[in-house]
Amino acid sequence: MKRIIAPSLLSSDLAFLYRDIEMLNNSEADWLHIDVMDSSFVTNISFGSLFIQYVKKYANKPMDVHLMIMHPERYIEQFKKCGADHLHIHYEACIHLNRTILSIKESGMKVGVAINPHTPILLLQDLIKEIDFVLLMSVNPGFSGQKFIRNTYKKLEETKDLILKKHSSALIEIDGGINLENASFLFKNGADILVSGTTIFSNDNPKKIIHKMKFGDQSS
Ligand code: DX5
Ligand code: ZN
């Protein structure tokens, strides 16, 4: 279990983006999570590759890019060029998922498959050996600040079982509604990576929250 923290810039104060990137550079955060939305797969519109290009210029940590867009295969090269290190695509948004996974790997990025709260884990059984991450959505994608869906605990168990059964080395990433309480439980129960927006950025001391989320239940 890795205890990786990936703060989601969707909840940062974009008017002070450089300040927040610097804060993350100097924090115990491991990656920067960037949510790309197209108003089609989800109703919201957020960032594109230009945004990522500028974040990359100042960030000193890997860029974990979560595509909430239809037909993500159209943009693999674009996201590679602007500096994405990991590219997550949604199971629900890809018709030729196997081909898209291979293209992302060929481009040199790590690949994750994200699944919505209603999508069964079993649907990943034929591709779990091919991917670097399973991204379990613990809210319905599209917005920060939503409540954690408790059924995710069951899905975490099912994902662990599937990874074991298929001898996969995929890491388990969980995204949405993460707070200090559920973070500790999720890490103890097999999550490797937690994405968190509101809990980190709405606090006056985000670095302290990142530390607590990562180690809070191990030290004080
Ligand atoms: C939701 C996004 C999340 C979001 C998390 O669609 O994928 O990454 O920014 O934000 P919180 O932690 O506020 O739920
Ligand atoms: Zn996300």
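This is a predicted model: local features need pLDDT of at least 70, side-chain atom pairs count only at pLDDT 80 or more; totals for chains, interfaces and linings use all residues.
Me: OK. Which residues of α4 are buried?
Reply: α4 runs over residues 97–106, and L97, T100, I101 and I104 are buried in it.

Me: Why are they on the same side of α4?
Reply: They cover an arc of only 100 degrees around the axis, so they end up on the same side of α4. The general rule: an α-helix has 3.6 residues a turn, so residues three or four places apart point the same way.

Me: And which residues are exposed on the other side?
Reply: R99 and E106 are exposed there.

Me: What do the buried residues of α4 pack against?
Reply: Three elements: α3 (76–82), β4 (86–90) and β5 (110–115).

Me: What follows α4?
Reply: G108 does, and its phi is positive, near 100 degrees.

Me: Switching to the metal. What coordinates the zinc ion (ligand 2)?
Reply: H33 through NE2, D35 through OD, H66 through ND1 and D175 through OD. The distances are 2.0 to 2.3 Å.

Me: How are those donors spaced along the chain?
Reply: The spacing is H-x1-D-x30-H-x108-D. D35 sits in strand β2 (residues 32–37) and H66 in strand β3 (residues 63–68). The two are 31 residues apart, and the pair links distant parts of the chain.

Me: D35 and H66, buried or exposed?
Reply: D35 is buried, and H66 is too.

Notes
Residues are numbered from 1 along each chain as its sequence is written. Chains are lettered from A and ligands numbered from 1 in the order in which they are written. Side-chain values use heavy atoms; hydrogens and water are left out. Buried means under 20% relative accessible area, exposed over 50%, partly exposed in between (1.4 Å probe, protein chains only). Helices (H or I, at least four residues) and strands (E, at least two) are DSSP runs, numbered from the N terminus. The arc is that of the directions from the helix axis to the C-beta atoms. Contact means heavy atoms within 4.5 Å. Donors are N, O and S atoms within 2.8 Å of the metal (3.2 Å for Na, K and Ca); water is not among the atoms, so sites may look incomplete.
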